Amino acid sequence: GVELAGEGTVTKVWELPLVDLDSEQLQVPESEYSADISCRSQMFAKLVSEMAIFSDSLRFDISEETIALVASGDQGKMRAEIKEEDINEFCLEEGVTLALTLGISYVAGICAFSKLADDVYIQCSPEAPVKFQYSLDEQAPGESECFMRFFVAPKIDD
């Protein structure tokens, strides 16, 4: 166990069991994506946090005109269109529209790293994992040598 005492009167004690995981490391091949989006990481994290109130799923609706996030459930529905001034970079393959649904808990977990970098870089394509990247060395995502990268597979409709 680890014991740390803060400046106040609270003493915190943690005990963590050791876990031995036997799993294969997945290799995600480099690929071309239909959509590349770069936006402010804190703004994106705030939207995802708000949307988690409404659903356990988060849908990305992406077209040449809009980038929208949608969460819909028993508690209601929230749709947020990311404004052009909040987008640093947006590139979409001509003629493509995307509607991808992700588990919001996975995206929220990724957003926990939003304090590490000013921007989050999101790449997506139909029927492929969505790639989220935080560049930690202030370089462009393709040039960054120090980064946090996450992949989330879209939910499949039954």
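Reply: One definition to begin with: buried means under 20% relative accessible area, exposed over 50%, and partly exposed in between (1.4 Å probe, protein chains only). This is a predicted model, where local features need pLDDT of at least 70 and side-chain atom pairs count only at pLDDT 80 or more, while totals for chains, interfaces and linings use all residues. Residues are numbered from 1 along each chain as its sequence is written, and side-chain values use heavy atoms, with hydrogens and water left out.

Me: At what N to O distance do the side chains of Glu 50 and Lys 46 meet?

Reply: A salt bridge needs a side-chain nitrogen of Lys or Arg within 4 Å of a carboxyl oxygen of Asp or Glu. Glu 50 is partly exposed, because its relative accessible area is 27%. Its side chain meets that of Lys 46 in a salt bridge, N to O, at 2.6 Å.

Me: How many salt bridges does the structure hold?

Reply: One of them joins the side chains of Asp 119 and Arg 40, at 3.1 Å from N to O. That pair links distant parts of the chain, with Asp 119 in strand β9 and Arg 40 in strand β3 (residues 35-40), 79 residues apart. Asp 119 is partly exposed at 28%, and Arg 40 is partly exposed at 37%. The total for the structure is 5.

Me: Which residues are linked in a network of salt bridges?

Reply: Start with Asp 61 and Arg 59, whose closest N and O atoms are 2.8 Å apart in a salt bridge. Asp 61 is buried, because its relative accessible area is 15%. Arg 59 has 31%, so Arg 59 is partly exposed. The linked residues are Arg 59, Asp 61, Arg 79 and Glu 81.

Me: How many residues of β4 are buried?

Reply: Strand β4 covers residues 57-62. The rest of the structure largely encloses β4, because the buried count is 5 of the 6 residues.

Me: Over how many bridges do β4 and β8 pair?

Reply: Two strands pair if DSSP finds at least two bridges between them. Strand β8 spans residues 98-103, and its antiparallel pairing with β4 runs over 6 bridges.

Me: Which residue stands opposite Ile 62 in β5?

Reply: β4 and β5 run antiparallel, joined by 4 bridges. The hairpin between them passes through 4 residues. Asp 61 faces Ala 68 in β5. Opposite Ile 62 stands Ile 67.

Me: What is the bridge partner of Leu 69 in β6?

Reply: β5 (residues 67-73) is mostly covered, with 5 of its 7 residues buried. An antiparallel set of 6 bridges joins β5 to β6 (residues 76-81). The two strands form a hairpin with 2 residues between them. The partner of Leu 69 is Ala 80.

Me: Which backbone nitrogen does the side chain of Ser 125 reach?

Reply: Ser 125 sits in the loop between β9 (119-124) and β10 (130-135). It is buried, because its relative accessibility is 8%. Contact means heavy atoms within 4.5 Å; beyond four places in sequence, Ser 125 touches Glu 32, Tyr 33, Ser 34, Leu 98 and Leu 100. At 2.7 Å, its side chain reaches the backbone nitrogen of Ser 34.

Me: How far apart in space are Ala 52 and Asp 20, C-alpha to C-alpha?

Reply: Ala 52 lies in the loop between α1 (41-51) and β4. Its relative accessible area is 39%, so Ala 52 is partly exposed. In sequence, Ala 52 and Asp 20 are 32 residues apart; in space, C-alpha to C-alpha, the separation is 31 Å.

Key. A polar contact is a pair of N or O atoms within 3.5 Å; within protein, one must be able to donate a hydrogen and the other to accept it, and residues adjacent in sequence count only if both atoms are side-chain atoms.
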